[in-house]
Amino acid sequence: MQSWSAPSIPVLEGRGPQLRLYDSADRQVRPVTPGPTATMYVCGITPYDATHLGHAATYLTFDLVHRLWLDAGHTVHYVQNVTDVDDPLFERADRDGIDWRDLGDRETQLFREDMTALRVLPPHDYVAATETISEVVELVEKMLASGAAYVVDDAQYPDVYYRADATTQFGYESGYDRETMLRLFGERGGDPDRPGKSDELDALLWRAERPGEPSWPSPFGAGRPGWHVECSAIALTRIGSGLDIQGGGSDLIFPHHEFSAAHAESVTGERRFARHYVHAGMIGWDGHKMSKSRGNLVLVSRLRAQGVDPSAIRLGLFAGHYRSDRFWSDAVLDEANARLKQWRTATALPAGPDATDVVARVRQYLADDLDTPKALAALDGWCTDALAYGGHDTAAPRQVAATVDALLGVEL
């Protein structure tokens, strides 16, 4: 699948510090230790509606990771999927009287346009679930052969399920107890009440063909992939086991990331699918989580159509820490626009205060678990001083602008 175009990134003098991130499995901030090539898998969209600010906050989080790795001298192998075959897509297509493929193509293209406008660095591999059917089939075959999966005894719909107890470490990523797992499993696409399952928590790997649904052939019958296994297959075939970061929104910790990691671990025999599990907080509006079901979405494309500068969107989302659940509002956008105006005015000056310290502090704050509030405050201080007192360093305004562009993705 075609990705989107990459913005140019200034190369800063020197190298940025080592990145430290909160790991959801270990429940602590610790160093990220990639080799020369840093690897990252981030779960992509199910393309049945437009990109909202919750999506944007997640992809901007991992855009920061991408940029900081580049600043530290790494090559980055970034993979993202598109879940272009799933129940919500079919339901929305039926509601709107459009073919599910056309709906998926339309919304994926809008997502690309939003990411381009937001200056998000594109993934190296941008992969649709429908492009990886053979890889999913092969992975499911391995799980069936090892006993990690089984076919439900149902003559009409012989679905294939993953055994939640196939790995002894299952549950380590989320740390949830069984009661919490069952509740979230039912709320987030699971089917705990499916007759014939060995355990309520067992997750669907292959959905046997139903009338009116797309299907593909397999040794265990025609059907289509379950949700979690597509990410396992894509990550294993594009990156391999032991990737540096598996990432997404915090609502993916369970069941999606727990199961996609477990699927991979059951066939590789490794203790951990990823060295770091990183999750972004939720974005709310009017006191609630922003979601399609609530109908309270703030769409990136709508903001762009209203003339909102994408750099202001970035700054508004960076005003809060990436791991915190937070709210978007007109006041957040107004503050971001004011900040953007001040930064552009200050960096357009012919000279300013020495920028060595502020550049070092921005690098350090971002490397310390992506502390964007502190980074923004440091830049606010330099800009305030530049506008109030001036300076004699003619290179400083350009140096600050390049830092903001390279690390925060904000064009001044």
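This is a predicted model: local features need pLDDT of at least 70, side-chain atom pairs count only at pLDDT 80 or more; totals for chains, interfaces and linings use all residues.
Me: Which residues does UniProt place under "binding site"?
Reply: The unreviewed UniProt entry gives that feature at Cys43, Cys231 and His256. They are spread over 214 residues of sequence, yet they cluster in space, with a largest C-alpha distance of 9.4 Å.

Me: Where is Cys43 found?
Reply: Cys43 lies in the loop between strand 3 (37–42) and helix 1 (53–71).

Me: Is Cys43 buried or exposed?
Reply: Cys43 counts as buried, because its relative accessibility is 6%, and buried means under 20%.

Me: What is Cys43 in contact with, leaving aside its neighbours within four places in sequence?
Reply: Its contacts include Cys231 and His256, as well as Tyr59, Gln80 and Asn81.

Me: And where is the place of His256?
Reply: His256 belongs to helix 7 (residues 253–268). This histidine is buried, with a relative accessible area of 1%. Apart from neighbours within four places in sequence, His256 contacts Cys43, Trp227, His228 and Cys231.

Me: Changing topic: at what angle do the axes of helix 10 and helix 12 cross?
Reply: The axes of helix 10 (residues 330–347) and helix 12 (residues 372–389) cross at roughly 50 degrees and come within 9 Å. Helix 10 is therefore oblique to helix 12.

Me: Is the crossing left-handed or right-handed?
Reply: Helix 10 passes helix 12 in a left-handed crossing.

Me: Which residues meet there?
Reply: Among them are Arg339, Gln342 and Trp343 in helix 10, and Leu376, Leu379 and Asp380 in helix 12. By class, this contact of helix 10 with helix 12 has eight nonpolar, four polar and two charged residues.

Definitions and conventions. Residues are numbered from 1 along each chain as its sequence is written. Side-chain values use heavy atoms; hydrogens and water are left out. Axes are lines fitted to C-alpha atoms, for helices over the stretch in contact, and angles run from 0 to 180 degrees between N-to-C directions. Helices (H or I, at least four residues) and strands (E, at least two) are DSSP runs, numbered from the N terminus. Angles under 35 degrees count as roughly parallel, over 145 as roughly antiparallel, 65 to 115 as roughly perpendicular and the rest as oblique. A crossing is left-handed if the near helix is turned anticlockwise from the far one by less than a right angle, and right-handed if clockwise. Contact means heavy atoms within 4.5 Å. Ala, Val, Leu, Ile, Met, Phe, Trp, Tyr, Cys and Pro count as nonpolar, Asp, Glu, Lys and Arg as charged, and the others, Gly among them, as polar. UniProt positions are given in the numbering used here, feature names are shortened, and annotations may be inferred rather than shown by experiment. Buried means under 20% relative accessible area, exposed over 50%, partly exposed in between (1.4 Å probe, protein chains only).
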